Amino acid sequence: MNAENSFIRSNKTDAYQHHDYYLMDELLTEEHILIRNTVRDWVKKDLSPIIEDCAQKAAFPHHIIKGLADAGAFGPQLPAEYGCGGLDYITYGIIMQELERCDSGIRSTASVQGSLVMYPIYKFGSEEQKHKYLPKLAKGELMGCFGLTEPNHGSNPAGMTTNFKDAGDGKNVILNGAKMWISNAPFADIAVVWGKNEEGKIKGIIVERGMEGFTTPETHNKWSLRASATGELVFNDVLVPKENILPNVEGLKGPLTCLNSARYGISWGAIGAALDCYDTALRYSKERIQFGRPIGGFQLQQKKLAEMITEITKAQLLTWRLGVLMNEGRATPAQISMAKRNNVDLALNVARNARQMLGGMGITGEYPIMRHMMNLESVVTYEGTHDIHLLITGMDVTGENAFV
Ligand code: TGC
Ligand code: FAD
């Protein structure tokens, strides 16, 4: 390494600097900024130094769960009376963005816990279920997962075959079936599972680790979200108490309502991954010398950076407005789909261009870009694929349903 090109850094140092091209911070409250700074500081101190190793080893860092809980990452938008944050949707988005600025897999862990496990229990659960589970989930004393996707039913969850029937003992149902691609499954203490009852109606049911016939084999050999644990949920005549059924929802709108909250969080999170790639490429472009000058002085590299910050800024505006609509209870599922699709797509494009800007260094773990890029290949697929969200927007604007 020559002195001119002294840019090579340890991947344990997080030198991220804040980017706010349109002065969006003026639209935030002091509390939003305080929470953002707190989460960012924690990420820089405790998460960034270990994340590359975790991804290389395909290991979820279990020891950070308490830190995530203390940072308020589990259900910040749910009411304080159940031990949750009692904060607004913009705060929730900000926390997801700070986590995904480090790694989409860590944001996934928090999204699943807050939006796909705590939210359905809060929204559709009985008072007993809420008091039993929510305070412990908020503190990270219990971790959860969300089982909707099946081996033969991904984009089309209505076709699910997981089912439960009355056990005939007055107390339990018998659950059978399998879920696939489930984030947090290998270590979750509880699973919110969507299955059909004897009438063929979709219901949510809370399954606890340790119930006989319930197993959670881990999915290996992922090239993406390697710091997040993914697995299956297998139910083989599992006896589950009837009191574990979520009483207050029936039909596909149950799980899809939870996805609205999680997709909203992803729309903020993906901007975090994009910002980290942009920040890395910008800094590199000022330090990497070729043909006797920093590569940031070449027009083709400036074009890449200018387009990155333009798209990031547009996404920041879209997402902030969506947050306001969420707070007012006016955001529609189609608006959320548009933001999820747009922001993940832009983040992938930013990552791909940033990787090119780093040349050969872009493929190494010395920089976070390739990890973000690979992670985003999952984010563009889960919670509804890029194409499914386009069809949701298409249906919304035309009134014609392309899914039937
Ligand atoms: P469709 O007939 O349109 O709707 C069935 C019922 O659901 C209602 N509904 C919604 N309700 C709330 N929010 C939404 N976003 C809703 N979308 C639809 C609808 O009104 C209807 O209600 P009702 O009362 O009339 O019964 O359903 P469809 O079968 O035609 O499917 C529509 C489609 C394709 C858009 C939907 O199924 C879909 O979104 N597919 C994508 C599946 C998906 O996103 N799976 C995600 C799995 S979880 C995950 O990936 C977690 S990753 C976690 C991480 O690590 O971060
Ligand atoms: P398919 O539905 O088989 O789709 C394959 C392709 O066909 C896609 O390109 C899709 O866009 C396209 N396609 C499908 N239908 C149509 C159509 N009507 N028109 C046009 N194109 C169409 N699920 C959970 O329930 N819980 C989780 O915690 C969870 N975590 C995940 C973590 C990871 C790392 C991954 C990769 C997935 C996770 N998922 C989870 C599953 C995820 O939601 C599904 O992978 C996703 O919904 C797509 O389903 P599929 O993989 O079966 O693809």
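How many residues surround ligand 2, and which are the closest?

A: The model is a predicted one. In it, ligand 2 is surrounded by 18 residues. The closest of these are Phe 146, Thr 149, Ser 155, Trp 181 and Thr 385. By class, the shell around ligand 2 consists of nine nonpolar, seven polar and two charged residues.

Phe 146 places a polar backbone atom 2.9 Å from a nitrogen atom of ligand 2. Trp 181 likewise uses its backbone, with an N or O atom 2.7 Å from a nitrogen atom of ligand 2. Thr 385 uses its side chain: a polar atom there is 2.7 Å from an oxygen atom of ligand 2. On its own, ligand 2 has 970 Å² of accessible area, and the protein covers 67% of this.

The space that ligand 2 takes is the largest pocket. Two elements give two or more residues to the shell around ligand 2, namely β3 (172-183) and α10 (386-398). In terms of domains, ligand 2 lies between domain 2 (144-244) and domain 3 (253-398), because both give residues to its shell.

The shell around ligand 1 has 25 residues. Ser 108, Ser 183, Asn 260, Arg 263 and Glu 383 are the closest to ligand 1. This shell divides into 13 nonpolar, eight polar and four charged residues.

As for polar atoms around ligand 1, Ser 155 has a polar backbone atom 3.0 Å from a nitrogen atom of the ligand. An oxygen atom of ligand 1 lies 2.7 Å from a polar side-chain atom of Arg 263. Gly 384 contributes a backbone N or O atom, 2.9 Å from an oxygen atom of ligand 1. Of the 1100 Å² of accessible area that ligand 1 has on its own, the protein covers 72%.

The elements that give two or more residues to the shell around ligand 1 are α4 (104-124) and α6 (253-287). Of the elements, α6 gives the most to this shell, with six residues.

Technical notes
Residues numbered from 1 in each chain as written. Chains lettered and ligands numbered in written order. Predicted model: local features only at pLDDT ≥ 70, side-chain atom pairs only at ≥ 80, totals over all residues. Heavy atoms only, no water. Near = heavy atom within 4 Å. Polar contact = N/O pair within 3.5 Å; in protein donor to acceptor, adjacent residues only side chain to side chain. Areas by Shrake-Rupley, 256 points an atom, 1.4 Å probe, with all protein chains shown as cover. 1 Å grid on protein atoms, 1.4 Å probe; cavity = no way out; pocket = protein on both sides within 12 Å on 5 of 7 lines; lining within 4 Å. Sits in = over half its atoms within 2 Å of the grid points. Helix = DSSP H or I, 4+ residues; strand = E, 2+ residues; numbered from the N terminus. Nonpolar A, V, L, I, M, F, W, Y, C, P; charged D, E, K, R; others polar. Domains from an automatic or database assignment.
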